[in-house]
Amino acid sequence: MSVTAAQGFTAAGIAAGIKDSGGPDLALVVNTGPRTAAAGVFTSNRVKAAPVLWSEQVVKGGAITAVVLNSGGANACTGPQGFQDTHATAEKAAEVLSAAGPAEHSAGEIAVASTGLIGVPLPMDKLLPGVEKAAAALSEHGGEKAAIAIKTTDTVHKTAVAGGAGWTVGGMAKGAGMLAPGLATMLVVLTTDADVETSALDTALRAATRTTFDRVDSDGCMSTNDTVLLLASGAAGVTPGYDEFAEAVRTVCADLARQLIGDAEGASKDIRIEVINAATEDDAVEVGRSIARNNLLKCAIHGEDPNWGRVLSAIGTTGAAFEPDQLNVAINGVWVCKNGAVGEDRDLVDMRYREVKITADLAAGGDSAVIWANDLTADYVHENSAYSS
């Protein structure tokens with residue numbers, strides 16, 4: 001599992017002292033080739049962290065030889081010094097990796113990602129020695145330690161793997177709060193040993209994120225640091241068909257996205273919202289997001305109350321095509337609302353289990369979309385008010 005499941009990658013996760021807890025907080029992933037193709041997608045927030053701005057430029061070159069990731073500090077809203085610190089991180093990684101050989105590394109081909117509290121400068125006196133320590137700990141079996149080192153409020157580390165005959169796609173993710181598009185407050189590194197060119201990586205990654213990470217909507221809050229990278233080493237010597245490769249990337253992204261919702265801050269319910277019979281896919285997504293962000297509904301789900309009226313209320317705030325007297329809503333398979341009015345007996349809805357399924361039928365066309373969300377709990381409020389996260 002994780003980023004070292006594919007051939008041609010090493011990784012490490014260490015404690016550099018960035019977190020006050022002393023826990024693991026620095027990860028390093030290195031592509032040992034022979035190919036160093038890469039693609040990436042980032043937050044659509046107009047307020048972007050320094051490492052996002054840096055890595056956006058790196059990705060434009062089409063090659064990434066290594067990724068440095070830290071938890072314990074977002075390096076967002078830290079001014080010019082924040083960007084200089086990101087540059088210094090990449091320079092340090094290039095220096096220590098080049099010294100270790102056999103390949104030369106350039107800072108311009110090293111991506112950087114950070115997560116943690118916004119507005120606090122990173123302790124570079126700890127981070128830079130940490131990069132050297134991580135480089136010394138690199139291993140073909142280091143993927144799990146790297147996944148652990150990027151956790152913030154996550155309760156578990158998140159990894160996934162898929163692939164085909166003779167090739168693999170692996171990945172790791174962090175994220176438990178500020179989960180809303182574009183992307184979610186997450187850092188994701190995906191790796192593959194398939195021999196795939198940059199253009200195909202970019203197309204596959206964008207297609208995958210559009211229907212996975214971009215459709216996770218936990219709390220409606222968009223992060224400044226979202227980063228998803230896909231690196232190809234070519235070490236397997238296999239070039240799969242595009243469709244097969246793209247499906248493997250989508251599978252790993254979907255697995256990781258589902259794990260993000262499953263670990264959302266304070267959540268006790270995972271909510272699968274499927275909008276069907278929409279006039280367009282965009283309409284389906286808009287309606288799904290509106291339902292996902294309705295706090296009254298999220299509280300009702302937490303209380304195991306199948307309050308379908310709140311679903312209709314959320315649908316009504318959108319610009320999607322529908323007629324109010326043709327709307328249908330099912331909760332866990334029971335059509336509690338039919339034609340915009342009372343349907344089957346709501347007491348038939350069993351909401352004892354973790355996953356809750358909401359189906360919203362717009363009766364306006366043939367398109368659909370699925371959005372994942374979670375309930376709103378007192379634990380969520382506590383976690384985001386009792387301390388900085």
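**View 1. Strands S4 and S5 pair in the parallel sense.** Six bridges join strand S4 (residues 66–71) to S5. Two strands count as paired if DSSP finds at least two bridges between them. Asn70 stands opposite Ser114 in S5. Strands here are DSSP runs of E with at least two residues, and helices are runs of H or I with at least four; both are numbered from the N terminus. This is a predicted model, in which local features need pLDDT of at least 70 and side-chain atom pairs count only at pLDDT 80 or more, while totals for chains, interfaces and linings use all residues. Residues are numbered from 1 along each chain as its sequence is written, and side-chain values use heavy atoms, leaving out hydrogens and water.

**View 2. Four strands form an open sheet.** The order is S1-S2-S4-S5, with mixed pairing. Strand S1 (9–14) and strand S5 (110–115) are the edge strands; each pairs on one side only. From one strand to the next, the twist averages 10°. Angles run from 0 to 180 degrees between N-to-C directions, and axes are lines fitted to C-alpha atoms, for helices over the stretch in contact.

**View 3. Helix H2 (residues 79–100) lies across strand S2 (26–31), S4 and S5.** H2 runs at about 130° to S5. Helix H3 (residues 124–136) packs on the sheet too, touching S1, S2 and S4. The direction of H3 makes about 50° with that of S2.

**View 4. H2 and H3 cross at roughly 30°.** Their axes come within 9 Å. The two helices are therefore roughly parallel; that term covers angles under 35 degrees, with over 145 roughly antiparallel, 65 to 115 roughly perpendicular and the rest oblique. The contact (heavy atoms within 4.5 Å) includes Ala88 and Val96 of H2 and Leu127 and Val131 of H3.

**View 5. H5 and H6 also meet.** The axes of helix H5 (residues 198–211) and helix H6 (residues 242–262) come within 9 Å and cross at roughly 45°. H5 and H6 are therefore oblique to each other. Among the contact residues are Ala204 and Ala208 of H5, and Phe245 and Val249 of H6.

**View 6. Trp167 and Phe245 form a tilted pair.** The ring centres lie 6.0 Å apart and the planes are at 50°. Rings of Phe, Tyr and Trp (its six-membered ring) pair if their centres lie within 6.5 Å; planes under 30 degrees apart are stacked, over 60 edge-to-face, and the rest tilted. Trp167 sits in strand S7 (residues 167–174) and Phe245 in helix H6, 78 residues apart.
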